[in-house]
Amino acid sequence: MCNYLYNKPFLNRQEIETYLRFSYLFADEKGNSLDDSKIRFTVRKEQSKDDYLQELICILDDVFTSERQISDATFLSSGVDSSLLAFGIQAKKTFSVAYEEQEFDESPLAHEVAKELQSEHHVIKIGPKEYFDAVDEAISCRESLTGDASYIALYLATKEASCYTNTICSGEGPDEMFCGYPCYSHYFNNPGEEYWLSVNTIMDVGEVPSLPDYNGDGFLKMNAFDLTKWMHGNILPNVYAAAKGAKLNIRTPYMRQELLDFELSLPIKYKADKHMGKLLFREAASRYVGSKNAFREKRGFPVPVRKWMRQEPYRTLILDVLTDSFTKDILDFVDVDRILKSFYTDGDESVWKQIWEMYVLIRYINL
């Protein structure tokens with residue numbers, strides 16, 4: 001396969017394979033490679049749960065107290081992280097995303113939190129036209145490639161928020177630090193050493209990134225992967241790129257070193273169990289936002305793109321891009337036709353991310 005050079009960072013075959021496997025490239029917002037070996041889980045002489053809880057509450061108090069002096073606006077979803085942040089900084093302005101597709105729409109729950117907080121609440125309504133029209137503009141702001149569908153919605157949200165504030169907070173961090181993703185709870189029912197890989201890969205291509213062994217502990221491997229590759233290779237670059245494109249100052253208060261140091265010393269039993277993640281974090285959050293908000297089931301930042309991909313004119317747009325001879329040359333090691341048939345003819349929902357990743361890749365190359 002040939003290498004292609006264009007007005008974005010050079011992508012070789014290995015980088016494209018890595019992207020297709022994980023949906024992003026393993027680099028931070030400055031393009032630096034990330035070193036998993038720097039993640040050291042070192043549990044101190046074990047304290048009581050109450051001691052850990054009080055220490056975490058003190059750290060959060062310090063984070064919110066200092067942040068209040070800088071910003072009074074924040075993004076707000078239905079989750080504990082953004083709800084806690086909004087209450088912690090006593091936000092005067094809050095912003096959430098809404099979709100017509102109710103199964104993806106978190107705005108009613110966000111509105112409840114905003115009403116309790118008595119903030120000036122703004123709802124950014126996103127439909128398929130707004131979303132697809134923004135793809136090229138959004139990915140042109142990103143220094144490295146991402147196929148994360150939520151990034152486009154985040155970009156639109158930051159553009160709208162910039163009309164009302166110069167500085168805004170965003171709640172990234174706790175899911176990676178305190179193991180909030182469902183895969184951590186599922187792990188206890190499938191504790192294989194390489195379980196972290198099965199929950200992070202999209203397409204079975206390319207090399208597997210090496211991680212320290214962590215004495216064969218798959219839970220810690222997942223945690224290390226999320227703290228390095230996922231958080232610094234995708235989550236934070238998405239936030240910073242979206243804010244840069246919208247000319248908006250963005251703050252990520254949870255990304256404090258003392259919070260990470262605390263997480264690395266926290267025993268697993270206070271992070272997740274078979275039923276839920278972020279156990280101690282949620283308990284601390286309940287002191288600020290109440291148990292209803294603190295222990296609400298995680299939904300992430302869902303986007304209805306897999307539904308929109310079947311609608312016209314977006315179905316034709318995607319098919320035109322992915323059946324082009326240029327695409328076939330770049331993706332000569334992928335059975336693109338089979339994947340498209342699975343989704344558009346056979347109704348296989350499981351491959352939508354593969355299609356979206358490939359579509360974004362070609363758009364990115366052609367910018």
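This is a predicted model: local features need pLDDT of at least 70, side-chain atom pairs count only at pLDDT 80 or more; totals for chains, interfaces and linings use all residues.
In soluble globular proteins, nonpolar side chains tend to be buried together. In the present model, the largest nonpolar core comprises 68 residues. Within this core, the residues with the most contacts are Tyr131, Met309, Ile355, Trp356 and Leu361. The element that gives the most to the core is helix α18, spanning residues 352-365, with 10 residues.

Trp356 is itself listed with Tyr131 among the core residues with the most contacts.

Helix α18 also packs against another helix. Two packed helices are described by the angle between their axes and the distance between the axes. For α15 (residues 314-322) and α18, the angle is about 65° and the axes are 10 Å apart. Because angles of 65 to 115 degrees count as roughly perpendicular, α15 is classed as roughly perpendicular to α18. The crossing of α15 past α18 is left-handed. On the α15 side, the contact is formed by Leu317, Ile318, Val321 and Leu322. These meet Ile355, Met358, Tyr359, Ile362 and Arg363 of α18. Sorted by class, the contact contains eight nonpolar residues, one charged residue and no polar residues. Ile355, which takes part in this contact, is also one of the residues with the most contacts inside the largest nonpolar core.

Helix α3, formed by residues 80-88, is mostly covered, with nine of its nine residues buried. The buried residues include Val80, Leu84, Leu85, Ala86 and Phe87, as well as Asp81, Ser82, Ser83 and Gly88. After α3 comes Gln90, which has a positive phi, near 55°.

Phe22 belongs to helix α1, which covers residues 13-22. The relative accessibility of Phe22 is 1%, and the residue therefore counts as buried, the cut-off being under 20%. Apart from neighbours within four places in sequence, Phe22 is in contact with Leu197, Asn200, Thr201, Ile202, Glu207, Pro209 and Phe225, and with Glu357. Between Phe22 and Lys129, which lie 107 residues apart along the chain, the C-alpha separation is 27 Å.

Conventions
Residues are numbered from 1 along each chain as its sequence is written. Side-chain values use heavy atoms; hydrogens and water are left out. A nonpolar core is a set of buried Ala, Val, Leu, Ile, Met, Phe, Trp, Tyr and Cys residues joined through side-chain atoms within 4.5 Å. Buried means under 20% relative accessible area, exposed over 50%, partly exposed in between (1.4 Å probe, protein chains only). Helices (H or I, at least four residues) and strands (E, at least two) are DSSP runs, numbered from the N terminus. Contact means heavy atoms within 4.5 Å. Axes are lines fitted to C-alpha atoms, for helices over the stretch in contact, and angles run from 0 to 180 degrees between N-to-C directions. Angles under 35 degrees count as roughly parallel, over 145 as roughly antiparallel, 65 to 115 as roughly perpendicular and the rest as oblique. A crossing is left-handed if the near helix is turned anticlockwise from the far one by less than a right angle, and right-handed if clockwise. Ala, Val, Leu, Ile, Met, Phe, Trp, Tyr, Cys and Pro count as nonpolar, Asp, Glu, Lys and Arg as charged, and the others, Gly among them, as polar.
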